[in-house]
Every structure is written in C-alpha cells, then in structure tokens.
Amino acid sequence: MAQPAVSFTDERLVGATITLTNCDREPIHIPGLVQPYGFLLCLSEDTHRVVHASANTRQFTGLEPADLLGQGLETLLGPARLAEVVALYPTLTEAPQLLGVRLEHAADRPFFKLILHRHDGLLWAEFEPVEEDEVSVLNLPALNATLTQMLGATTVLDFCQAAVAQVRDITGFARVAMYRFAADESGEVIAEAKRDDLDPLLGLHYPATDIPQQARAMYLKNWLRFIPDIDYVPTPLVPVRNPASSRPPDMTYAVLRSVSPIHIEYLRNMGVAATMTISVIQDGRLWGMIMCHHDSPRLVSFELRELCLFIGKTFSALLHTKEKLEQSAYQLRVQQTQAHLLERVSTEDNFIEGLYRHTPTLRDVIDCGGAAICFDKEVIVLGDTPSEMQIRELVQWLQQHVPDDVFHTDSFASLSPLGLAMRASASGVLASALARDTGDYLLWFRPELLQTVTWAGKHAKVQKMEDGQLFLSPRQSFAAWAQTVDNTAAPWQPLEIEAAQKIRLHIADVRLKIFNELQARAASLSRLNSELTRSNDELDSFAYVASHDLKEPLRGIHNYSIFLLEDYAELLDEEGVSKLKTLVRLSQRMEALIDSLLQMSRIGRLDLEIQATDMKELVAGVLDLLHPRLEQTGTTVEVRGPLPTIQADPVRLREVFNNLFTNASKYSDKPTKHIVVGQAPAGKAGVRGATHPDDFYVFYVQDNGIGIDPKHQESIFRIFRRLHSQEKYGGGTGAGLAIAKKMVEKHGGELWVESVLGQGSTFYFSIPKNI
Ligand code: ADP
C-alpha cells in the first residue's frame, strides 16, 4: 500500500491545545491518549514486559499502571491463556489478532477481548470489556445474503446502497452513509441507510479541508476507526513518551487511539454520540468511507467491527468491477443512442433534422441538461439551455477563441464573463464544431453543480461561534464546499468527448457525401447540356443545309410553273390551268415554310449582338412598320407605362414584338381589336420559375382576341404548330412563335402565355438584367 512520503503533522504539538488553526498539523497518530472504554498495555518486543499502560487500568484490573509497568502479562492472565498469548507474539504484525481472555487475577474475573498487534517496536495488547450476554456474531447465511446483494448490484450507487444497508443491519447504527471523495478531495454523501426520524444527509457535500491530510494518510493504513462514546475523557498513557524514542508510541493501528478534539467537536455539532468509519480504498487511494453514526453511545463488539471491515474490504475489492460495469453500461448506452441518431442523420432528407426530430435526439446521447444545434444561422434547442441569444454569443466566443474541433469545459464562467449569466444551465459546455467559419456547432450543456445538489439547509446562514470562529457543522461544511465549486458543472468524461467527436466526423461525412452527390449531379447536367447544345447545333446546321438546298429546285419548280402558265395557258383546258395555279401556290407555300425553317435554324447559329436597347423606341419602331396592317385590321395599340433601356439584341427583339403584335391583331374576331404592350409588374416570374424574378425584365403583349385553350398553350410554341387552318384568321406557317421563343431563349429568357379562351391572351417574355 502506498505510504505518504510527506509528513503532514508536527510532533511538537503533542500535548498542546488543538484549535482550528493548528488542527491541520495535529499529530493524530501519537496522541499519547486512549479512549477509556477499554485499557491498553504496550509490551517491549524484546522483553515482553509492559512499557506503557493506559492510566485507567485500575478501573478494569484493580491494578495501577505503576503496578503493571515492567511486568509481563502473567499479572493479569492465568497460565493457560498466557501460554497461548505468548505463543502468538512471534506471529504478530500490524494486523490485529483476537483472543477472548478472563482476567484471572482481577477481583470479579471479568471477561475481555484481547486485541494484539505489533507496531512501532512494541507489542500492543488492547483489552475491550465484553458484555455478558454477547452472542456469537458469525451469522454465515446473513453474510452470504449480504455478499449476494453486493455482487448483484449493477451500478455503483446500488452497490453503495447495498453496503450501507448491510452495515446498518449488522451494527444497528442510526445512520450509515457512503461518503465518496471527488478528484479535488471534497466529499459527497452518495448513499444512506438511516432511522426514519433523522434528517437525510444524502447529497451533502463537504470540502476537502474537513478531513485533514494526516487523517487521510492514517485511514489508508487503518481501515476502521471506532468511537463508542464521543463524550469520553481521554486517558493518558503512563508514561506518555516512550523512554526509547522520547515520543508517544505510534497508535496508527491501535483500536483505542484517542481522536482529535476538533473531530469530536464536529461530531457533537452534528448530534452524533458514537461513530465508526471504514475506509474504502481503491488502488492505494482513499475512494471513500462508510460512515456510521449513532445519537447515543454505542459499543460495537470487535467481531462485529471485523465483520464490517470484511464488508468494507470486499466492497473495496469489488468496486473496480462495479465502476467498470457502470462505465461500460453508460458507454454502451452512449454508443447505441449515437448509432441510432447517426442512422437518422444519414437517412433523413435534411440530415440536421435527424438530430432533433425523433427520439433519441442529440441531447439523449450524453448525460446533460440540454443541447443545441446551431446550423445555417438557426438555433434549435433541446432541454434546459441558455437563451438563443446567449447561445449565439457562445458560438461567437467559440469561433474567436477555440481553434479545436471539439471543446469542453466544466466551468465556462471561468473562461468568459458570458459564462456567468448562463451558469445555471451551462456551467459545463461541450462543443463540437461542424463548420467554424459559418458558426455551425453542436452543443451540450451541464448545469452548475450547486443547482443540482439538493439539501434543505443549503441556503441557511453560516453560524459563527462567540469568538468569531466558524461553528463546525455539516451546514458550514456545505457552505465551504459550495464556495469551491461555484460556477462549476460535473466534468465531461473522455467517452463523452469522444462521442461528440464521432458525431462531428459522421456529420462531416454525410455533408461530404451530399456535396459529392450534388457535384456529380451538376457534372452530369453540364455534360447533358453540352450534348444537347451539340445536337441542337447539328440539327440547326442540318435544317439550314437542307432548307438552303431545297430552295434551289423549289425555285425551279415555281419558275417553270409560271412559265407554263404564261406561255402554254391557251394550250391547256381550264382544269389544267387550275392545276398549274395550285402548283404555283403550293410551291410558294413550301418556300414560305422553308424560309421559316431557315430563319429558325439561323437563330441557333448566329450570335446575338447585345447592346443598350431603348425598349420604348424599339416598340415604337415596330408599331411604325406595322402601322398599315394595324390600321387595315382596325387595331389600336396602347403602350402602357414607361419602358426601360435594356441590354439585348434589338434586331431579334424587334422580330419578337413583330410576331406578337401580328398575332394579336390576327387572332381576333372582335370588331375593335385592342393591344396593350408594357413592362410587367415586378415579381412576375416565368413558367420555369427557377430563377429569381428580380433578375429579369418581363414584357407583355396583351390582346382582346380569341384566346387560347389551356391545352394548347404549350404546343403553340412548337414549330409549324397551328391551331387554325390557313384560311382562317389569315394564318401563317405556324413558325412565328417558335422563332420568337428561340430568340428570347437565346437571350436567356422565357416566352410564355396566359390566356382564357374567348377573352384574349397575354404573351410574356423575360430578358435577364445581366446578360
Ligand atoms: P402563325 O404563323 O400560324 O401565326 P404562330 O407560331 O405565330 O403561327 O402561332 C401559332 C398558333 O398559335 C397560331 O396558329 C394561332 O392558332 C395561335 N396564336 C398565336 N397567337 C395568338 C393570339 N394572340 N391569340 C390566339 N391564338 C394565337
């Protein structure tokens, strides 16, 4: 077992008055005093003669210390018992050995338990009186049940609860509690078995200073301390100092060792009259203590104390397993919830929603009070968290001060003044950065420890004694402890920090996958696009070549038909002339069709000549040209509102307007035909609607004509698609709208129609503001 290298005590304080100011150096292992419920003899290792006797021997044996000093144990024991004891001498160590003895030479031959051990160059013989009605305590079935219960516990807290309950059952103490030390050496009552009428101490915290270092060092060596009556008057050793070492003998392992008066005062203030404490030691470190308290004096037999010690040692031995069990269970829980959550993140359309829409949420992965998801400028909170404002400030702070991907603190208030305001819910912060520059973070919060500690007395006033010294009591202890943990949360465990890291990496993977998919999609779109452009170009050049080459023979057919009509008309009968005329008309019609096709294919092949174009002027020009036709058909045109100057190819736009105006005047059966032209109000979007309407100028040409059936509103834009026969409404080739559409699209805009059959049509086209 590790022995402390430093001495925390001051031997000069032997026999001095111990106060709150010097108690931290009190040499508690060499008090030179014993508790008087038994008596003690120290024998020389060599001579086996008494070197020290406690001053109270007379009370138990009828002999004064002076009568015993220099004598062997034969003064007290009969020969048979003496032989047994003497036979034990060579085997003695620091571990006590027990014998039942009768003081043959004392008047009423009382019965004692003799507890023997070897330490500090002495053989220690401690005599504890035995009650006559004491029964045997080794109840094996009960012990078996105790062990079974302790073995079955799956959490450390259950394990502690089982241990304290058993110790209380065995000893009958009014209160048995498990007191656990934290890393900062402060303590907390984590399990308790008590008589109903007592106030609970569960959850109570004590500052490290409540148990001085030298006491902790001693608790590591001597596992069990016992004070059956705190109101005892300490009995000195005679002589106090060992003649060989000139100091009192080292009572570290003595059961009768008298304890510090400060400790006694502390117990008295707690209303405790008898106490027993058992160390819980793990890896040579004091993990905690089983504390037993009673409100009246209570003598617990050595055997029962040994049994409790057995439980304490078994507890210590099993503790590691229980802690591991608990840790693995928690780890498993964290991993399972994490896996669940990440699966959602991977399958949800919007991966961020996978973090909070279903249970388990991000908050459930780790033990915490609350969590927040800061993503895409939004803050989503889960559970108990600071306000959204505070979270945004925290994220800013993280962006500025923390270069790491994962950050954790159990006291954010100690790092930033921001932390003070949010300490109630977020003294502890665990942050996982998804993207630092954009402020995308996952956050977990833990409340200030003090907020989670429940104890009725925690807000009570600190009491002071008359001389101004603090009055020692659990309440004061709590207040002292509270000061040391202000603004602090329970620390984040490595496995929790690891989980935060894993979630971060997984989300980064998901984002990368989404990004890659988008990129792949964009790449395939652009490939398709260029293929489409290429085949469009090919089609255009095919149409151009074909129509160009067709024109030549067609012209010939046309010309020869005219010649025939002019030169041979009289040789033909009427029917022959009529057929020739049809041939001329058909060839003309075919030429018109071929011209349209040529025009159409040319648009694809020619580049636009973009320039500043005053639309008002442009529209006026087109109307000027169309004036005779409009007048002829009785059409009035209104230019509504101002028209802007835009960047466009004016030649093409003129053709677009020309076509729209011509159609508007053509496809009407009203006696007064009316056309309105203007710029559409802001926000008018094209049918594709993929781009923002603010990025386009939209113009319209509205008529009060025949309108278009919704089922044809798309097909009219296809080449050679006509809704009416040639004869009706003086129809054209059916290429006008297709050409106009292609011109608008060449600009990057759209051409579409809104119309109600019989009520007129409005044709819209958009031209991008930035060409
Ligand atoms: P066309 O040269 O035959 O006018 P377009 O391509 O310009 O060919 O028009 C295609 C068809 O769309 C027309 O045949 C007509 O039926 C219909 N159309 C075009 N403009 C209008 C309009 N303003 N009102 C009603 N129908 C229209």
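**The ligand site**

Author: The ligand is surrounded by 22 residues, and the closest are Asn663, Tyr667, Asp703, His724 and Leu737. Keep in mind that this is a predicted model.

Start with the elements that build the shell. Three of them each supply at least two residues: helix H18 (650-666), helix H19 (736-747) and strand S25 (760-768). H18 gives the most, with four residues. Sorted by class, the shell has nine nonpolar, nine polar and four charged residues.

Tyrosine 667 places a polar side-chain atom 2.7 Å from an oxygen atom of the ligand. Leucine 737 takes part through its backbone. A polar backbone atom of leucine 737 is 2.8 Å from a ligand oxygen atom. Glycine 734 also uses its backbone, with an N or O atom 3.2 Å from an oxygen atom of the ligand. As for cover, the ligand taken alone exposes 530 Å², and the protein buries 98% of that.

Next, the charged pairs. The structure holds 29 salt bridges. Three of them are described here.

Take arginine 392 and glutamate 388. Their closest N and O atoms are 2.7 Å apart in a salt bridge. Both residues lie in helix H10 (residues 388-401), four residues apart, which is about one turn of the helix. Arginine 392 has 35% relative accessibility, so it counts as partly exposed. Glutamate 388 also counts as partly exposed, because its relative accessibility is 39%.

Glutamate 498 and lysine 502 form another salt bridge, with closest N and O atoms 3.5 Å apart. These two sit four residues apart in helix H15 (residues 494-568), so about one helical turn separates them. Glutamate 498 is partly exposed at 42% relative accessibility. Lysine 502 is partly exposed at 38%.

Then comes lysine 711 with aspartate 709. The closest N and O atoms of this salt bridge are 3.5 Å apart. Lysine 711 counts as exposed because its relative accessibility is 64%, and exposed means over 50%. Aspartate 709 has a relative accessible area of 22%, so it is partly exposed. Elsewhere, salt bridges that share partners join Arg195, Asp197 and Asp295 into one network.

Back to the ligand for a last point.

Conventions: Residues are numbered from 1 along each chain as its sequence is written. This is a predicted model: local features need pLDDT of at least 70, side-chain atom pairs count only at pLDDT 80 or more; totals for chains, interfaces and linings use all residues. Side-chain values use heavy atoms; hydrogens and water are left out. A residue is near a molecule or strand if one of its heavy atoms lies within 4 Å of it. A polar contact is a pair of N or O atoms within 3.5 Å; within protein, one must be able to donate a hydrogen and the other to accept it, and residues adjacent in sequence count only if both atoms are side-chain atoms. Accessible areas come from the Shrake-Rupley method with a 1.4 Å probe; for residues, only the protein chains shown count as cover. Ala, Val, Leu, Ile, Met, Phe, Trp, Tyr, Cys and Pro count as nonpolar, Asp, Glu, Lys and Arg as charged, and the others, Gly among them, as polar. A salt bridge is a side-chain nitrogen of Lys or Arg within 4 Å of a carboxyl oxygen of Asp or Glu. Buried means under 20% relative accessible area, exposed over 50%, partly exposed in between (1.4 Å probe, protein chains only).
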